[in-house]
Amino acid sequence: TTTTALTAHLFEQCGLNPTVMVGGVPRGGRPWRLGRGGWTVVEGDEYNTAFFDRGPKFLHYYPHFFVVNNVEFDHGDIYPDLDAIVAAFRAGVARTLELGGTVVANAGDGGARRAAEGVAGAVWYGEEPEVDLRALAFDHRDGHLAARLAWRRRVFDVTVPLVGRHNLDNLMAACTCALLAGAEPAAVAAAAAHFPGVRRRMELLGTAAGVSVVDDFAHHPTAVRETLAAIKEFGLPGWSPGAGRLVAAFEPRSNTSRRNVFQADYARAFAAADLVFLREPPGMEATPEAERLSSARLAADLQAQGQTARAFDDGDTLLAALLAELRPGDLCLVMSNGGFDNLHARLLDGLAARA
């Protein structure tokens, strides 16, 4: 979603006037736009199209550019393993080539390399030598990602209001598309500097009683790990690393995160958090008991690693525990791909009342 929203923003600001369909809501904007410039930027993933069409949505598109940013195992209710997901992306790659389109792929991601390996004319981005768009260096300044990029030997600097190594990949994917569409590097850099971001992606919702509350859509173990690591190392606008503790509140809500396929992976994903508060997965009735993820077991695994972690049966008891624990300077990162019992707003209200 971040990649799509950023690509759309670059196209708009560079005068390409695109039609846009994003699977999230850009901050201060809307997830769609009807443009008249001949370009369409659309988010597509490997999840099934409909209950009567189990194939990925992107097989219904006719892309000029097919972006393969990262490919990992997910959607365990649809795919049995990573090989099946790679096969879905390879089908998307093949369809793109049949239509005369261009595959744009992340050289730094193993799954993306598998999906696009051997593709003639593929455009690659990454930190590796010999890619088309290369990150020569990157750093963080005041909650912004700053990168020096080389586009086919033309070097330019880009700053975007995002943090984390994963967002460098998102930035390179979006820049590659804009450059392929004919935008000049200087125009791309100027546009990236004003990207508003996407709601529910490291979104600071407010501060009360000295505690910052951040909402994030993270639910896959990699997303949990990378989001926590980015905030812990680089902070966010209004919160600096070391100002207080990084507290993670996590609700496993998606069809896959409710399953124990990632039980061990989650135990490694929270390494950057100072405290971890876990809700038992809601809506488990349709999941076989032997396949269910256990937040209590996850908390025990984290405790065995020396971390402070607690599991709760519902959002109300988790909220009460958070309010009792949080103190000025802390940042509470609330992670779920669902509503989490409106924990974000209730937490801010509770903190304000306490103050």
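## About the model

This is a predicted model, in which local features need pLDDT of at least 70 and side-chain atom pairs count only at pLDDT 80 or more, while totals for chains, interfaces and linings use all residues. Residues are numbered from 1 along each chain as its sequence is written, and side-chain values use heavy atoms, with hydrogens and water left out.

Helices (H or I, at least four residues) and strands (E, at least two) are DSSP runs, numbered from the N terminus.

Two strands pair if DSSP finds at least two bridges between them. S17 pairs with strand S13 (residues 211-216) in the parallel sense over 5 bridges, and Asp216 stands opposite Met335 there.

Two packed helices are described by the angle between their axes and the distance between the axes. Axes are lines fitted to C-alpha atoms, for helices over the stretch in contact, and angles run from 0 to 180 degrees between N-to-C directions. Angles under 35 degrees count as roughly parallel, over 145 as roughly antiparallel, 65 to 115 as roughly perpendicular and the rest as oblique. Handedness has its own rule: a crossing is left-handed if the near helix is turned anticlockwise from the far one by less than a right angle, and right-handed if clockwise.

The axes of helix H1 (residues 2-13) and helix H4 (residues 165-180) come within 9 Å and cross at roughly 40°, and the two helices are therefore oblique to each other. Their crossing is right-handed. Contact means heavy atoms within 4.5 Å, and on the H1 side it is made by Thr2, Thr3, Leu6, Thr7, Leu10 and Phe11. H4 contributes residues including Asn167, Asn170, Leu171 and Cys175. By class, the contact of H1 with H4 has 9 nonpolar, 5 polar and no charged residues. In this scheme Ala, Val, Leu, Ile, Met, Phe, Trp, Tyr, Cys and Pro count as nonpolar, Asp, Glu, Lys and Arg as charged, and the others, Gly among them, as polar.

H4 also packs with helix H5 (185-192), at an angle of about 140° and with the axes 10 Å apart. That makes H4 oblique to H5, and this crossing is right-handed. Leu171, Cys175, Ala178 and Leu179 of H4 meet Pro185, Val188 and Ala192 of H5. The residues of this contact divide into 7 nonpolar, no polar and no charged.

An open sheet of 3 strands has the order S2-S1-S3, with mixed pairing. Its edge strands are S2 (32-33) and S3 (40-42), each pairing on one side only. Strand S1 (residues 19-21) runs antiparallel to S2, with 2 bridges joining them, and Met21 stands opposite Trp32 in S2. H1 packs on the sheet and touches S1, S2 and S3; the direction of H1 makes about 165° with that of S3.

Thr2 lies in H1 and is buried, with a relative accessible area of 11%. Leaving aside neighbours within four places in sequence, Thr2 is in contact with Leu162, Asn167, Asn170, Phe195, Val198 and Arg201.

## Loop residues to look at

Most residues other than glycine have a negative phi. Arg200 is not a glycine, yet has a positive phi of about 70°; this residue lies in the loop between H5 and strand S12 (203-208). Asn342 likewise has a positive phi, of about 55°, without being a glycine. Asn342 is found in the loop between S17 and helix H10 (343-354), and counts as partly exposed at 46% relative accessibility.

Gly235 sits in the loop between helix H6 (221-234) and S14, and counts as buried at 0% relative accessibility. Not counting residues up to four places away in sequence, Gly235 touches Val163, Ala230 and Pro241. Gly235 and Glu251 are 16 residues apart in sequence and 22 Å apart in space, C-alpha to C-alpha.

Methods:
Buried < 20%, exposed > 50% of the residue type's maximum accessible area, 1.4 Å probe, protein only.
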